[in-house]
Amino acid sequence: LSLDVMRGITIAGMILVNNPGSWKYVYTPLEHARWNGLTPTDLVFPFFMFIMGGSMFFSLRKYNFKLSKESVTKVLRRTVLIFLVGLGLNLFGHVCYNGFTDFHNLRILGVMQRLALAYGFGSLIGLAINHKYILQVAAGILIFYWALLGFTHSMEMSEDSIIAIVDRTLFGTSHMYHDDMAEGLLSCIGSIAHVLLGFYVGKVIQDCKKNNELIIRNIFIFGTIILFVGFLLSYGCPINKKIWSSTFVLVTCGFASLFLALLIWIIDINGKKKWTLFFESFGINPLYLYVQGDILAVLLGMSGISAFTRFRRIAGLGYLLRGIKLDTGIFLV
């Protein structure tokens, strides 16, 4: 239940930060860091990626963590599906705003695509190696990525960084998200380590499943260690979401581990479950609700209806639905 609730909290957070109203008047906590550093918004996506890694452990357990035709086919099919869903969302938004023209400007990458790549590579690693080496593999990936960025002087906001060069070479500028930095296909290297750290926490939960207090202790210790290590190493490798730096992985996974330990303490040990239904609904339907939120945002955005009018209509719908028992987390807020 704690895993579902944490996944639900992050999905609700992702929908919120993706739809803050007018992008000209965004509350400061709902903004991303300009370059280096963290805001509360910068924690949402990595929290979901972390919890996805933890869920991967339990989903791959039925294959006994062995590379087989069945397990690899399942992983590859899901990876392609998630990637295509993300590409489909980009296509939907493009068509709604631009019509069936200018497809040379269609954005290729995005949130779902990064999740797909991290899930695919992370799952194959989880199937291929002995799990007692999972932390060593994650550390090796982070060290390699850190060195790659450092030796190519790519930790600065520059169009000459290796991340930007790779994206321009593979996609061209017209197929990239026009922000201060490129999309960052290369930065998916850090995302793979991200899901592996979540995968390790899933293993901790499984190994100590009969003792919730031991689970909390081990996850809390793990989270505290990588959190402090991430902050200490940030003097040489800045905490940066846009390039998904190695210290960004460590710090956000540290915070996520502590948050998960807190939820286990509240829900599983103290039995405080009445408040969880809303977020549990989001947690067991994450893909559907994220896609629904994205589609609704596009439709409302192109409708021309003012934000105040939208609020009044949604509020009116709320009055209409009052008294009807809803047991899912599908809410227009």
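How are α3 and α11 oriented to each other, roughly parallel or roughly perpendicular? The axes of α3 (69-98) and α11 (286-301) come within 10 Å and cross at roughly 10 degrees, and α3 and α11 are therefore roughly parallel to each other.

## Basis of the description

The structure is a predicted model, in which local features need pLDDT of at least 70 and side-chain atom pairs count only at pLDDT 80 or more, while totals for chains, interfaces and linings use all residues. Residues are numbered from 1 along each chain as its sequence is written, and side-chain values use heavy atoms, with hydrogens and water left out.

## Overall architecture

The protein has 12 helices and 0 strands, where helices are DSSP runs of H or I with at least four residues, strands are runs of E with at least two, and both are numbered from the N terminus. Of the 333 residues in the protein, 45% are buried; buried means under 20% relative accessible area, exposed means over 50%, and partly exposed lies in between, with a 1.4 Å probe and protein chains only.

Contact means heavy atoms within 4.5 Å. Among contacts between residues at least 6 apart in sequence, 74% join residues at least 24 apart.

The 30 residues of α3 should span 44 Å at 1.5 Å a residue, and the end C-alpha atoms are 42 Å apart, which agrees; the expected span is 1.5 Å times one less than the number of residues. The buried residues of α3 are Ser71, Val75, Thr79, Ile82, Gly86, Leu89, Asn90, Gly93, His94 and Val95, and what covers them includes α2, α4 (111-128) and α11. Just after α3, Gly99 takes a positive phi of about 75 degrees.

Angles under 35 degrees count as roughly parallel, over 145 as roughly antiparallel, 65 to 115 as roughly perpendicular and the rest as oblique, and at roughly 10 degrees the pair α3 and α11 is roughly parallel. The contact is made on the α3 side by Val85, Leu89, Phe92, Gly93, Cys96 and Tyr97, and on the α11 side by Leu287, Tyr290, Val291, Asp294, Ile295, Val298, Leu299 and Gly301. By class, this contact has 11 nonpolar, 2 polar and 1 charged residues, where Ala, Val, Leu, Ile, Met, Phe, Trp, Tyr, Cys and Pro count as nonpolar, Asp, Glu, Lys and Arg as charged, and the others, Gly among them, as polar.

## Helix α9 and its crossing with α2

Helix α9 (residues 246-269) and helix α2 (residues 41-60) have axes that come within 9 Å and cross at roughly 75 degrees, and the two helices are therefore roughly perpendicular to each other. From α2 the contact draws on Asp42, Leu43, Pro46, Phe47, Phe50 and Ile51, and from α9 on Phe248, Thr252, Cys253, Phe255, Ala256, Ser257, Phe259 and Leu260. The classes in this contact are 11 nonpolar, 2 polar and 1 charged residues.

With 24 residues, α9 reaches 33 Å from its first C-alpha to its last, close to the 34 Å expected at 1.5 Å a residue.

## Loop residues with positive phi

Most residues other than glycine have a negative phi.

## Individual residues and cysteines

Ile9 lies in helix α1 (residues 2-18) and is partly exposed, with a relative accessible area of 23%. Leaving aside neighbours within four places in sequence, Ile9 is in contact with Phe259 and Phe279. Gly202, in helix α7 (residues 188-207), is buried at 1% relative accessible area, and beyond neighbours within four places in sequence Gly202 is in contact with Gly54, Phe57 and Phe58.

The structure holds 0 disulfides, a disulfide being a pair of cysteine sulfur atoms within 2.5 Å. Cys188 counts as buried at 8% relative accessibility, and Cys237 is buried with a relative accessible area of 0%.

Key:
Axes fitted to C-alpha atoms, helices over the stretch in contact; angles between N-to-C directions.
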